[in-house]
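Please keep the structure open beside it and find each residue as you read.

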Amino acid sequence: MFLNRGPHILRAAGLEQELEEGVDLPFEEIIWTNIGDSQAMGQPPITFARQVLTLCMLPSLLDDPNFPDDTKTRARLLLHSCPGGSLGSSPNCKGLEVVRRHVADAISRRDGQPSDWRHVVLCAGASQGIEVILKLLAGQYEGMTPGVLTPVPQYSLYASLIKQLDLYE
């Protein structure tokens, strides 16, 4: 796991501590926007996703009247696309085709350009996706080590992976 740290994070943590100690600052709270955790920022959980996941994990609830029809329809679609009809099966390593098709359709609508679902690869999150891409760059090419341009300030994941993979930053 990669921790969020660096001068900005340390300064914010120090300011938060000062606020807790009653130091008079020109603001009343620190709003952490570096963690990518919308629920930690106060966004309520998305009920639809949780209900669909529940139905996929326990298909016997598909006939339960307490679940909305749209969640049942989505759960059935996902389960039908899984080998063996179960989330416990091993789908294509790029992700379930039905989900990749939905992602490609959403990209096409958003960008106004066609998106080919066969070029969509699903990851367990941005960190995993970044790690896979950086691992593809690792190693020498014609005697040279690849370099990676990173934003400043950067998420510590980049620096940690770049160092671990012996790439140039």
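1. Let us begin with a term. A residue is called buried at under 20% relative accessible area, exposed at over 50%, and partly exposed in between, using a 1.4 Å probe and protein chains only. By that rule C93 counts as exposed, at 75% relative accessibility. C56, in contrast, is buried, with a relative accessible area of 5%.

2. A word on where the values come from. This is a predicted model, in which local features need pLDDT of at least 70 and side-chain atom pairs count only at pLDDT 80 or more, while totals for chains, interfaces and linings use all residues. Residues are numbered from 1 along each chain as its sequence is written, and side-chain values use heavy atoms, with hydrogens and water left out.

3. Back to the cysteines: how many disulfides does a search of the whole structure find? The search finds 0. A disulfide is a covalent bond between the sulfur atoms of two cysteines; here the test is a pair of cysteine sulfur atoms within 2.5 Å. For C56, the closest cysteine sulfur is in C82, 6.9 Å away, so the two are too far apart for a bond. For C93, the closest cysteine sulfur belongs to C123 and lies 11 Å away, which is also too far for a bond.

4. Now look at V52. This residue sits in helix α2 (residues 47-57); helices here are DSSP runs of H or I with at least four residues, numbered from the N terminus. Is V52 buried or exposed? V52 is buried, with a relative accessible area of 7%. Leaving aside neighbours within four places in sequence, V52 is in contact (heavy atoms within 4.5 Å) with T71, R74, A75 and L78. From V52 to L62 there are 10 residues in sequence, and their C-alpha atoms are 9.6 Å apart in space.

5. Two packed helices are described by the angle between their axes and the distance between the axes. The axes of α2 and helix α3 (residues 69-81) come within 9 Å and cross at roughly 50°. An axis is a line fitted to C-alpha atoms, for helices over the stretch in contact, and angles run from 0 to 180 degrees between N-to-C directions. Angles under 35 degrees count as roughly parallel, over 145 as roughly antiparallel, 65 to 115 as roughly perpendicular and the rest as oblique. α2 and α3 are therefore oblique to each other.

6. Which residues of α2 and α3 make the contact? From α2 they are F48, Q51, V52, L55 and C56, and from α3 they are D70, T71, K72, R74, A75, L78 and L79. By class, the contact of α2 with α3 has 7 nonpolar, 2 polar and 3 charged residues. Ala, Val, Leu, Ile, Met, Phe, Trp, Tyr, Cys and Pro count as nonpolar, Asp, Glu, Lys and Arg as charged, and the others, Gly among them, as polar.

7. A second pair is worth a look. The axes of α5 and α6 come within 11 Å and cross at roughly 30°, and the two helices are therefore roughly parallel to each other. S127, I130, E131 and L134 of α5 meet L157, Y158, L161 and I162 of α6 in this contact. Its residues divide into 6 nonpolar, 1 polar and 1 charged.

8. Stay with α6 (residues 156-164), whose buried residues are S156, L157, L161 and I162. What covers these buried residues includes α5 (126-137).

9. Two backbone angles deserve a check. D166, in the segment after α6, has a positive phi of about 60° although it is not a glycine. E142, in the loop between α5 and α6, has a phi near 50°, again a positive value in a residue other than glycine. D166 counts as exposed at 60% relative accessibility, and E142 counts as exposed at 65%.

10. Last, find Q113 in the loop between α4 (97-111) and α5. At 51% relative accessibility, Q113 counts as exposed. Not counting residues up to four places away in sequence, Q113 touches I107 and S108. Q113 and P45 are 68 residues apart along the chain, and their C-alpha atoms are separated by 31 Å.
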